[in-house]
Amino acid sequence: MHGLKNFVCGLSIVIITGCATSVKYEDATKVETTTTDFGSTDLQQIVNKMVDSLLTFPPIVQVTNERRPVIFVNTIKNKTLEHIDTESITDSIRTKIVRSGKFRFVDLTKVDAVEKQFEFQSESGMVNKATAATFGQQIGAEYMLYGNFSSIVKKAEDVRDIYYKFTLNLMHLETGIIEWADEEEIRKTSERSLFGR
Amino acid sequence: MSDHTRLSLRHMGLSYYGFVIILMASSFIGCSSTAGIEGSMSAAPGQDGQTTYSKYVIINNDSLARDIQIVDMKSDFVGNLLRAHVSLVNKDNDTLNFQFKFSWFEESGREIDPDTDAWTPVILYGKESKSLQGVAPNPNAKEFKIKIRELYTE
């Protein structure tokens with residue numbers, strides 16, 4: 001009996017002394033389930049699904065086989081109850097599409113910076129006119145990418161259920177026609193267990 | 001262990017020794033293997049102009065392979081992008097939670113953008129079959145690999 005007590009005390013000491021903070025690198029692409037809040041796995045799932053769907057949609061395949069159309073990204077409306085950086089989602093979607101070589105993008109958030117550079121090149125007198133970028137040569141976007149992000153949250157005593165829906169649309173600017181759209185649904189639940197938090 | 005703690009455990013319906021056993025058992029959970037199953041398929045131009053495909057499956061985790069079977073692997077080109085289809089079946093009656101990711105390779109065998117595709121969680125209900133799809137990141141991909149592992153929740 002005494003032996004067992006000593007063993008339990010020893011085990012407790014081992015457990016208590018094992019509570020020091022440790023830092024280690026993790027796989028950025030691993031499935032992350034710390035809480036039900038929006039996380040890296042959700043972002044990666046949305047980006048993969050959207051880009052794969054866009055690049056394999058038959059009418060889009062037909063267009064991108066002949067040329068590389070230009071897209072501009074409008075904002076994704078965050079209608080969820082969480083603070084989510086939707087620009088980070090669109091940044092990842094844009095990066096993946098650009099790297100596929102199928103589309104090109106214009107970035108409207110950088111118009112001011114570009115304008116300043118143009119002024120510097122044309123008016124400062126410091127830049128060789130032969131190498132200065134000329135006005136009016138930028139390419140107009142043919143398509144606009146925009147979407148919505150919403151969620152439904154339900155809570156019971158020990159259970160939290162969250163459903164996310166991410167919708168993305170590609171509109172042809174000249175005709176106003178939505179050429180492609182898709183949505184990704186994600187559902188997560190968390191349950192408080194007896195020995196949990 | 002104080003009397004107060006013993007009373008709390010009794011209150012939860014656990015005996016003193018039962019608690020010790022649970023504590024020891026819980027410290028062993030999480031020691032399972034991180035190895036999984038890998039399926040690979042490559043598309044190469046044949047002599048008669050037809051594309052020839054070669055495929056193979058490597059099993060590094062026998063307990064996972066007892067539950068999941070790669071039934072078929074196919075690939076096609078959408079435009080000039082390689083698209084992979086992998087059919088899986090759950091051989092067990094219980095629901096399986098696992099994760100998968102695709103890797104893409106050029107004809108020379110060089111991996112395209114290593115470690116950029118993320119692990120995706122999947123649910124496979126008892127005896128259910130499911131098709132997983134992936135699209136290559138760019139037209140240079142001529143070969144794909146699918147990796148399947150158990151899902152670890154931390």
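Let's start with helix H2 of chain A. Of its 17 residues, 12 are buried, so H2(A) is largely enclosed by the rest of the structure. Buried here means 20 or more other C-beta atoms within 10 Å of the residue's own; exposed means 12 or fewer, partly exposed lies in between, and C-beta atoms are placed from the backbone. Helices (H or I, at least four residues) and strands (E, at least two) are DSSP runs, numbered from the N terminus.

Some housekeeping. This is a predicted model: local features need pLDDT of at least 70, side-chain atom pairs count only at pLDDT 80 or more, and totals for chains, interfaces and linings use all residues. Residues are numbered from 1 along each chain as its sequence is written, while chains are lettered from A and ligands numbered from 1 in the order in which they are written.

Back to H2(A). Its buried residues include A:Ile46, A:Val47, A:Met50, A:Val51, A:Leu54 and A:Leu55.

Now the core. A nonpolar core is a set of buried Ala, Val, Leu, Ile, Met, Phe, Trp, Tyr and Cys residues joined through C-beta atoms within 7 Å. The largest one has 43 residues; A:Met50, A:Val51, A:Leu54, B:Ala84, B:Phe144 and B:Ile146 touch the most other members. H2(A), residues 40–56, supplies the largest share of this core, six residues.

Take A:Leu54. Beyond its neighbours within four places in sequence, A:Leu54 is in contact with A:Ile60, A:Ile97, A:Leu170 and A:Trp180. Contact means C-beta atoms, placed from the backbone, within 7 Å.

Next, chain B. Three strands form an open antiparallel sheet, in the order E3-E4-E7. Strands E3 (68–78) and E7 (129–135) are the edges, each pairing on one side only. Pairing takes at least two DSSP bridges. E3(B) and E4(B), residues 81–90, are joined by 10 bridges. B:Ser75 stands opposite B:Ala84 in E4(B).

The two pieces meet. H2(A) lies across E3, E4 and E7 of chain B, at about 75° to E7(B).

Last, the interface. Contacts link 18 residues of chain A with 21 of chain B. On the chain A side, H2(A) gives the most, seven residues.

Technical notes. Two residues are in contact if their C-beta atoms, placed from the backbone, lie within 7 Å. Axes are lines fitted to C-alpha atoms, for helices over the stretch in contact, and angles run from 0 to 180 degrees between N-to-C directions.
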